[in-house]
Amino acid sequence: MARAKQKNTKENKKVGFFIGIIFTIILIAMSAAESKGYDLPWELKKLLGIADECTENLEVHYIDVGQGDCILIRTPDKNMLIDCGETDKSETVLSYLKNKNIKKLDFVVATHPHSDHMGCMGEIISQVDIGEVIMPYLPDEDIPTTRYFEDFLTALDEADIEITEAETGAEINLGEAEAVLLAPEEKCSNLNNYSVGVILNHGRNSFVFTGDAEKKAEKHFIKSGLIDKCTVYKAGHHGSSTSSSEELMAKLRPDYTVIMCGEGNSYNHPEDEAVSRIGKYTDKKNIYRTDLSGTVVVVSDGEGIDVKTER
């Protein structure tokens, strides 16, 4: 009996040894696949120790970049960045991504060609692994000739990334969540109205982002039939009176609103008129401003949400 037991113990050790080798090989193979850009399930990323800092829920980070927009959307499987702020905000954004252990942005949406929304986009593209870049269609005469936009195009060329033109109704799979795009009209007299809109759905919760779209573009979004009541609304155009129209607010009726603007900005954003319209539908205590609260992070589990502020 003692010899049989000893023999079984040795065999078990051998089996365990070989299982360990096979498991190690599998981990190395999966890690190599991830490094080459292949997507792995979040559970496997966690096992490999390469998962993002905390991605069990959907997170929407309204990153404080002063007078500009920069929104990071994180799910267990994908990362999306909407805008990035001015040219001098690249270090702010890159440091934020690094602190969250984000090595890849699967989707980047540049809502429209204004520097407070895509000024440092070229630098981000050159420093971070990027999957797809989405922009509105721009007629030749409306394509900027500014330095930041040239840097953006150069970075795309060097990274061998082609621009995807936004189309209304186009769906983006973010794993546990889904984003739906709202494209502008083909020709606009105001660059703000070229803004690409994004509707983010996660279980019972929904988020709406409209860039700097003004009232004319908001009407176009409403006509799409995709605009409905939402959980969180990113106020259009930094809380300008030219956006967040009565018609749009009556459709959205947001439970929460985040206004992205810079402290003491020269545009007087947010303007009282816009805040008043928003206040008809969003309780005052649920209106957040990045100039007052810093970065705002909304976490959704598909049922309820939790709001955290930097200060």
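A salt bridge here is a side-chain nitrogen of Lys or Arg within 4 Å of a carboxyl oxygen of Asp or Glu. The legends below describe a predicted model, in which local features need pLDDT of at least 70, side-chain atom pairs count only at pLDDT 80 or more, and totals for chains, interfaces and linings use all residues. Residues are numbered from 1 along each chain as its sequence is written, and side-chain values use heavy atoms, with hydrogens and water left out.

**View 1. Glu 246 and Lys 280 meet in a salt bridge.** Their closest N and O atoms are 3.4 Å apart. Glu 246 belongs to helix H8 and Lys 280 to the loop between H9 and strand S13 (287–289), so this contact ties together parts 34 residues apart in sequence. Helices (H or I, at least four residues) and strands (E, at least two) are DSSP runs, numbered from the N terminus. Glu 246 is partly exposed at 32% relative accessible area, while Lys 280 is exposed at 54%. For these words, buried means under 20% relative accessible area, exposed over 50%, and partly exposed in between (1.4 Å probe, protein chains only).

**View 2. Asp 255 and Lys 229 form another salt bridge, at 3.1 Å from N to O.** Here too, distant parts of the chain are linked: Asp 255 sits in the loop between helix H8 (246–252) and strand S12 (256–259), and Lys 229 in the loop between helix H7 (215–223) and strand S11 (232–234), 26 residues apart. Asp 255 is partly exposed, at 34%, and Lys 229 is partly exposed, at 34%.

**View 3. Arg 289 and Asp 291 pair through their side chains.** This salt bridge spans 2.7 Å, N to O. Arg 289 is partly exposed at 26% relative accessibility, whereas Asp 291 is buried at 9%. Elsewhere, Glu 141, Asp 142 and Lys 187 are linked in a salt-bridge network; the whole structure holds twelve salt bridges.

**View 4. Eight strands make an open, mixed sheet.** Their order is S6-S5-S4-S3-S2-S1-S14-S15, where two strands pair if DSSP finds at least two bridges between them. Strand S6 (163–165) and strand S15 (305–309) are the edges, each pairing on one side only. Strand S14 (residues 296–300) runs antiparallel to S15 over five bridges, and Val 297 has Lys 308 in S15 as its bridge partner.

**View 5. Asp 272 lies in helix H9 (residues 272–279).** Asp 272 is exposed, at 66% relative accessibility. Ser 240 is 32 residues away from Asp 272 in sequence, with 8.6 Å between their C-alpha atoms.
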